Amino acid sequence: MDVDWELLRTSLWPIVRAGLTGTIPLSLASFALGLLLALVVALMRLSGNAVLAAMGRAYVSVIRGTPLLVQLFVIFYGLPSIGVVLPPWPSALIAFSLNVGGYAAEIIRAAILSVPKGQWEAGHTIGMSRGLTLRRVILPQAARVSVPPLSNTFISLVKDTSLASLILVTELFRQAQEIAAFSQEFMLLYLEAAAVYWVFCLVLSSGQTRLERRLGRYVAH
Amino acid sequence: MSPTDSRTPPEGGANDPVVAVTELRKSFGENHVLKSIDLSVSQGQVLALIGPSGSGKTTVLRCLNGLEIPDGGRVAFRGGPSVEFGRQVPRRQLAALRDRSGMVFQHYNLFPHRSVLENIIEGPVQVQKRPKAEAVREAEDLLRRVGLQDKKDQYPHQLSGGQQQRVGIVRALALKPALLLFDEPTSALDPELVGDVLHVIKELAEEGWTMVMVTHELAFAREVATEVVFMDGGVVVERGHPDQVLREPREERTRQFVHRLLNPF
């Protein structure tokens, strides 16, 4: 196979740019919203209130038990039939946030449970309420435990956003597809897209290492 | 700092007990851990709770500050709160109960993600809403008194067990509670570190802090406690002056327990 170096060179920046303006913002925004949602769901499941716990469990079950692509299609192509028409970007944001929420809820719940009971008691005995103990004592320790699994979720999310190309969001993979269709160089363009994803994920993984070191500075080595 | 700094109760005579416990009951499932316990601790008294494991002594301590919710009975602090158990207890009342006492745990339970100083000022600043500068100054004074002034910026994992426990004591003192609770404060320590911690507790006793301590250190109890309470099977078997309970116990069960602890082989 002859490599069209000129095409590789001219297509690189449009693909990277689509990654920087589509893939990355979509990933960051969905992850942030998803984490908030996950924290709420985790606390619902830990609340001791049977109704809230059941709602949380049902949500996690539905999200984990259905394909992301189906969730995306239900929101973008399905909702219009009941009169809710959302543009591509918001549709993708909602679908990915809901998805992250379902997976991260279990990670956060496990991380909270991993903090020893004595830490709750120590908080209570210095007069802290449950909410204050959670915020000042439990969550900072849970955060450290949950960084590695949450990083996995984030890296998966970055790659999963390529599915948004199927609901017309201009992101990295859609840009590569358009150039490929135009130039008929499918192998070249798809490998190029793969390489750009890989570099993005490498950079993001190094961020994980730094974050772990920062959060872990109080732990014995 | 001395206990006279502690928030003086708004009502109640000076001769009333700091805390009075009546008919305290607690079960875990079928296991009746406490069967109607009555106790009272007066100002400046150091009460040592001794007894075999499973006797309920730690549960009594944990009921005093609402870490365990008794099934029945009453815990009344001089000047309030007075909490009647047996029905749903409002969370506000449990919080009021906790505000009256400071607790030192067997396993220290320091906050691992906060420095020594941050551990100590957490309660005064976050809960009591006192100015940070003042809380820091007091924390540093307290640390100096327990010989840890140069450790204030270290994290708990950088300290020995004995040092961690002294920080645990300072964290409790910083809240200026009416009552200090110690749950086997030296049981998790290496033998050579026990002395440092007991020394600090003894000083607090001499300063007049009111304390309840669950302990297996009988020699220490005899030297420092003003009253020893021997519990077994969820009841108070015997109580009295340390010399009497530990040297000439009236009850056979007390005699056996003391004998076993003093002659382990």
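## Notebook: chains A and B

**Entry 1, chain A.** I counted the secondary structure of chain A and got 8 helices and 0 strands. Helices here are DSSP runs of H or I with at least four residues, strands are runs of E with at least two, and both are numbered from the N terminus. Along the sequence the pattern of chain A reads α-α-α-α-α-α-α-α.

I note that this is a predicted model, in which local features need pLDDT of at least 70 and side-chain atom pairs count only at pLDDT 80 or more, while totals for chains, interfaces and linings use all residues. Residues are numbered from 1 along each chain as its sequence is written, and chains are lettered from A and ligands numbered from 1 in the order in which they are written.

The C-alpha atoms of chain A fill a box of roughly 70 × 50 × 25 Å along the principal axes. I then looked up burial: of the 221 residues in chain A, 36% are buried. A residue is buried if 20 or more other C-beta atoms lie within 10 Å of its own, exposed if 12 or fewer, and partly exposed in between, with C-beta atoms placed from the backbone. For contacts in chain A with a separation of 6 or more, I find that 76% join residues 24 or more positions apart. A contact is a pair of residues with C-beta atoms, placed from the backbone, within 7 Å.

**Entry 2, where A meets B.** I listed the contacts between the chains: 18 residues of chain A touch 21 residues of chain B. On the chain A side, α5 (117–125) and α6 (130–160) each supply at least two residues. The largest share, 6 residues, comes from α5(A). By class I get 9 nonpolar, 7 polar and 2 charged residues on this side of chain A. The classes are: Ala, Val, Leu, Ile, Met, Phe, Trp, Tyr, Cys and Pro nonpolar; Asp, Glu, Lys and Arg charged; the others, Gly among them, polar.

I also checked helix α2 (residues 91–100) of chain B, where B:L97, B:R98, B:D99 and B:R100 are buried. The cover over the buried residues of α2(B) includes α5 of chain A, along with β4, β5, β6 (101–104) and β7 (179–183) of chain B.

I traced an open sheet of 4 strands in the order β2-β1-β4-β5, with antiparallel pairing. Two strands pair if DSSP finds at least two bridges between them. The twist from one strand to the next averages 15 degrees. β4 (residues 72–77) of chain B pairs with β5(B) over 4 bridges, and B:A76 stands opposite B:S82 in β5(B).

Helix α1 (residues 57–64) of chain B lies across β1 (19–28), β2 and β4 of chain B, at about 120 degrees to β1(B). Axes are lines fitted to C-alpha atoms, for helices over the stretch in contact, and angles run from 0 to 180 degrees between N-to-C directions.

I found an open sheet of 6 strands in the order β6-β7-β8-β3-β9-β10, with mixed pairing. β6 and β10 (235–240) of chain B are the edge strands. Neighbouring strands are turned by 20 degrees against each other on average, direction ignored. β6(B) and β7(B) run parallel over 4 bridges, with B:S101 opposite B:L179 in β7(B). Helix α5 (residues 161–173) of chain B packs on this sheet and touches β6 and β7 of chain B, its direction making about 170 degrees with that of β6(B).

**Entry 5, strand β3 of chain B.** Why is β3(B) largely enclosed by the rest of the structure? I find 5 of the 5 residues of β3 (residues 46–50) buried, so the strand is largely enclosed. B:V46, B:A48 and B:I50 point one way, B:L47 and B:L49 the other. β3(B) pairs in parallel with β8 (residues 211–214) of chain B over 4 bridges, and B:V46 stands opposite B:M211. Another 4 bridges join β3(B) to β9 (residues 227–232) of chain B, also parallel; there the bridge partner of B:L47 is B:E227.

The largest nonpolar core has 122 residues, and B:L49, B:M211 and B:V212 have the most contacts inside it. Such a core is a set of buried Ala, Val, Leu, Ile, Met, Phe, Trp, Tyr and Cys residues joined through C-beta atoms within 7 Å. Its largest share, 13 residues, comes from helix α4 (residues 88–114) of chain A. Leaving out residues up to four places away in sequence, I list B:V41, B:L47, B:L49, B:L61, B:L64, B:L179 and B:L181 as touching B:V212.
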